[in-house]
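Me: Please take a close look at one part of this protein, a helix and the residues around it. Give the cut-offs as you go.

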Amino acid sequence: MAAADLATTASFSRVSFRGAVRPSPFRLPLSRAHPPGRLRVSSTVVALHKRNPKRLKYAAERQFKREDTGMLRVKVEPSGEDFWKLDPVIDLINRGAFGVIPTDTVYSIVCDLSNNESIERLRRVKGIGDSKPLSILCRSLRDIDTYTTGFPRGTNQGQANIFRAVKRVIPGPYTFILPATKQFPKQCIRHGSSTRYAKRRQVGVRIPDDPICQAILQNLDEPLICTSVKYLSEDEWILDPVIIADLYEPLGLDFIVDGGPRIADPSTVVDMTGTNPTVIRQGKGPKLDWMVAEDEEEDAQSKFAFKAV
């Protein structure tokens, strides 16, 4: 089995992608004809990857074993015009690997949503404790509706239709915090041993406006767990993929997609779990008229409490 895995990984560096014909600018083929002597792994990977989200906890773990070939590096044009180079990255993610991809803000460390071992490796490398919830990169609003309770759609009693406002800014540089549903894996939002008893299960969701990131997401069956890439000893984002590779490869990173340097601003984080959509971190995305800042939210609550008294 180890020899087969080694041959499969080694084949990624030999296979030619330019001859592939794709009907969509993003959708990659699930299988293609291979020359004799080469292993076909994509169909098996997809078969293992498809599953019902409600049965994630009963599914067999896909354990990825990194071979001596080292970390895979794929350089892609920022426009995503050569997205066919992403085939081996998608295969690695489906097999349980974790690595770095670009977004419309900073680079993110990502892994498969339903693979416990990959999530644990991501937490160890990034130094994220069990008490900190993880965010997800989504393919569409359908993913958001599956793993969260979704955005308020308004009522006849005058409740604002936040869903309509959100549709105008995504894909975009925003992370929205929403209540998670039972479909969202517990290991992503656990709080030590009290996870099953936690009253508040929340998750940050993103739909990045980046062609490389979208090309990867559109060829997966589930969203990706994500966390931004920072220096190991400093609270500062790393914008250069070359520096990221040098720092994180010795820690066991399986792949990196080089889409060129990113900008310095992270996503704007908006908490949707309160009375008003509240900006708790100002980033690349501007504060819109239907959002309030944290201090404005506190003032509004204070005024409401005063009126109630």
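Reply: Contact here means heavy atoms within 4.5 Å. Helices (H or I, at least four residues) and strands (E, at least two) are DSSP runs, numbered from the N terminus. The model is predicted, so local features need pLDDT of at least 70 and side-chain atom pairs count only at pLDDT 80 or more, while totals for chains, interfaces and linings use all residues. Residues are numbered from 1 along each chain as its sequence is written, and side-chain values use heavy atoms, with hydrogens and water left out.

Leaving aside neighbours within four places in sequence, Asp-143 is in contact with Cys-138 and Pro-223. Buried means under 20% relative accessible area, exposed over 50%, and partly exposed in between (1.4 Å probe, protein chains only). Asp-143 has 4% relative accessibility and therefore counts as buried.

Next come the aromatic rings. Rings of Phe, Tyr and Trp (its six-membered ring) pair if their centres lie within 6.5 Å; planes under 30 degrees apart count as stacked, over 60 as edge-to-face and the rest as tilted. This rule gives three aromatic pairs. In one of them, the ring centres of Tyr-147 and Phe-184 are 6.4 Å apart and the planes stand at 75 degrees, so the pair is edge-to-face. This pair links distant parts of the chain, since Tyr-147 is in helix α5 and Phe-184 is in the loop between β5 (174-179) and β6, 37 residues apart. Tyr-147 counts as buried because its relative accessibility is 3%; Phe-184, at 1%, also counts as buried. The rings of Tyr-174 and Phe-176 have centres 5.9 Å apart and planes at 15 degrees, so that pair is stacked. Both Tyr-174 and Phe-176 are buried, and together with Phe-151 they form one aromatic cluster.

The strands give the setting. Two strands pair if DSSP finds at least two bridges between them. An open sheet of eleven strands, with mixed pairing, runs in the order β1-β8-β2-β3-β7-β4-β6-β5-β9-β10-β11. At its edges stand β1 (72-75) and β11 (292-293), each with a single partner strand, so one side of each has no neighbour in the sheet. Strand β4 (residues 135-137) runs parallel to strand β6 (residues 202-206), and two bridges join them. Within this pairing, Ile-136 stands opposite Val-205 in β6.

For the protein as a whole, there are nine helices and eleven strands, and buried residues make up 48% of the 309 residues.
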